[in-house]
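The sequence and structure are shown first.

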Amino acid sequence: MSKLKTVTAFLSATVLAVSAVPASFVSVENTMTAAAVDDNNDDWLHAEGSRLYDMNGNEVWLTGANWFGLNCIEYSPHYLYAGDIDDMLQEVADRGINVIRFPISTELILSWMNGTPYQISSGGMQAVYNPPVDQDDGNGGVVKAGTYGNLNKDFVESDGKTLITSDRGFDIILDKCKKYGIKAFIDIHSPHADNSGHNYNLWYGKETADGTMVTTEIWQDTLVWIANKYKNNDTLIGYDLKNEPHGKGQEGDKAAKWDGSTDENNWAYAATKCAEAILDVNPNALIFIEGVEQSMSGAMPGDYWGMGDRRDNSPYIGAWWGGNFRGAREYPIKPKQGTSQIVYSPHDYGPSVYAQTWFAKDFTTQTLLDDYWYDTWAYINAEDIAPELIGEWGGHMDGAENQKWMELLRDYMIEHHINHTFWCLNTNSGDTGGLWANISCGQQAGSTQIKWEEEKYALMEKSLWQTQETGKYIGLDHQKALGNNGLSLNEFYTSYAGTEGSNLDGGTIVKDGKPVDIGSSGTTTNTTTTNKTDTTTTTTTTVPGTTGNDDIKYGDSNEDGKVNISDAVLIMQSIANPDEFKLTNQGKLNADVYNNGDGVTNNDALIIQYVELKTLKDSDLPVAKDFVFPD
């Protein structure tokens, strides 16, 4: 079965490819300043097989943590009532966390979409700043300059004390993540804003504070809305469609199932349709798909979803909430745009959360695989079906079975390039605890004191993406380094990947990395140091639309003389964001490869992907309207 490499990544409007750096390099000094904030929108990721790559085909590894609170009634990440966001994100970046999963509710996004955004709760954030000059207090008095402190000051209005709305707050959070080289994605933790909303089974069927019933349509519309809003912000790299869809099989339509039906509670169907709608507005976003809780066991003929359970020979196979992907073997998530943006995201926990049957022995990696992991979720990565990101894992450090399980899962993820986000940074997760032990601060930015659970962090830290010898943490931004002592993606692939490599796959050296170095003139300049001599190589890449070639070369939408995935990307970019990404007249003629004469459509990009996959040849282009797309 072909896996379509649909959209890869947003590329610069001025350049779509750079020449590879010679494999023998020791170090490369880019003309671009690594410390600069990356605004080129070139950090989008895509999947090929079970791995994730950047726009130039460099493999990346998402290794991060969760920070909840936006899903709760405070409408902001928790512990901003105890610390300054700059201080906290600086430490997160310095500690090597390259991506944060932010739980959020459909209700909160709905308030943004409707233009009635909830205000950040005063119980959720301490935010003040010093008015630069004396101000009228509104009651005939004067607020003297310097009256207030200087903490989370970006989250307050000009009066120095009134909290802003949550939508503006989220924009600030993303800007701060960008500032420190951290990427982010959101997960729809519950339909409604509720500190215990994760206990609810489904993505629909709960009322918001104003009495609005969250339907499947509203759930999807809000995700499409936010994906469209941030389609040009590659700090927000993706969307986890629903946290832990769950429920017991005997609950019937009140429980999430995974099958081939179009029933509303069929998570596979709902997730596919939602993914398609998101990719229509942002074809570059990663779509994280969680599992369900139970699947049909096939124990007896005639068993059906919703029937009562049996003590023996149960019709259902259980798993952690959001952890069961057994149904994906027969019913995989395959959006119409292809599977290049799909990431399966199981959740997995140890015995301190619940004493599952697979822990009732002296368990090892092999017994966990045999008894639970492999058939439930690990086969997806092992059989190169799709990438995986363990969206939640973690727990208490008990010096016993739970700690043993965390170490086994950690090592398995390292050895098998599995992405992950640890649960969680917060200290207030009752059944797991957090990476933070305590947070305190004064009234000034820079005063935040974070006490980490150092033993737990040390356990998790081994699974953060880092260089093998110097231990430098690797970010996902091409230009902005991760924290004070980490690396940008370009820095890693120019100066470290080919020498000491990283801990990905248990230890990997990459000799053919291709840094993304985009200059405003379309010229990429690298100073390359080899083992023998120092040379300067200037590679001039042609800006799309300047070739002047009047002969049609079908498929070559960017007019670089080749037909490859970059052409498909440019087509989809020009459709999704025509103001920023444009095809020349010649490029439009070249791009019209499906049903020639109907103009440039997403089908043209799809056909070019078949050329990339060798299913078609350049000489087969264009194809007729009755072309049958392969499965």
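A residue counts as buried when its relative accessible area is under 20%. The model is predicted, and Thr63 has a relative accessibility of 0%, so Thr63 counts as buried. Thr63 lies in strand 5, which covers residues 63-66. Beyond its neighbours within four places in sequence, Thr63 is in contact with several residues, including Gly96, Val99, His420 and Leu464. Trp465 is also one of the contacts of Thr63, and the side chain of Thr63 reaches the backbone nitrogen of Trp465 at 3.0 Å.

For the chain of 631 residues, 57% count as buried. The secondary structure comprises 12 helices and 22 strands. Of the contacts with a separation of 6 or more, 71% join residues 24 or more positions apart.

| Pair | Centre to centre | Angle between planes |
|---|---|---|
| Phe325 and Tyr344 | 5.5 Å | 85° |
| Trp452 and Tyr457 | 5.5 Å | 65° |

Phe325, in the loop between strand 15 and strand 16, is 19 residues from Tyr344, which lies in strand 16. Phe325 is buried at 0% relative accessible area, and Tyr344 is buried at 3%. Trp452 and Tyr457 are both buried; together with Trp67, Phe102 and Trp436 they form one aromatic cluster.

Charged groups also lie over rings: Arg329 is over the face of Tyr379, at 4.0 Å from the ring centre, and Lys404 is over the face of Phe363, at 4.4 Å from the ring centre.

Key:
Residues are numbered from 1 along each chain as its sequence is written. This is a predicted model: local features need pLDDT of at least 70, side-chain atom pairs count only at pLDDT 80 or more; totals for chains, interfaces and linings use all residues. Side-chain values use heavy atoms; hydrogens and water are left out. Helices (H or I, at least four residues) and strands (E, at least two) are DSSP runs, numbered from the N terminus. Buried means under 20% relative accessible area, exposed over 50%, partly exposed in between (1.4 Å probe, protein chains only). Contact means heavy atoms within 4.5 Å. A polar contact is a pair of N or O atoms within 3.5 Å; within protein, one must be able to donate a hydrogen and the other to accept it, and residues adjacent in sequence count only if both atoms are side-chain atoms. Rings of Phe, Tyr and Trp (its six-membered ring) pair if their centres lie within 6.5 Å; planes under 30 degrees apart count as stacked, over 60 as edge-to-face and the rest as tilted. A charge sits over a ring if NZ of Lys or CZ of Arg is within 6 Å of the ring centre and within 35 degrees of the ring normal.
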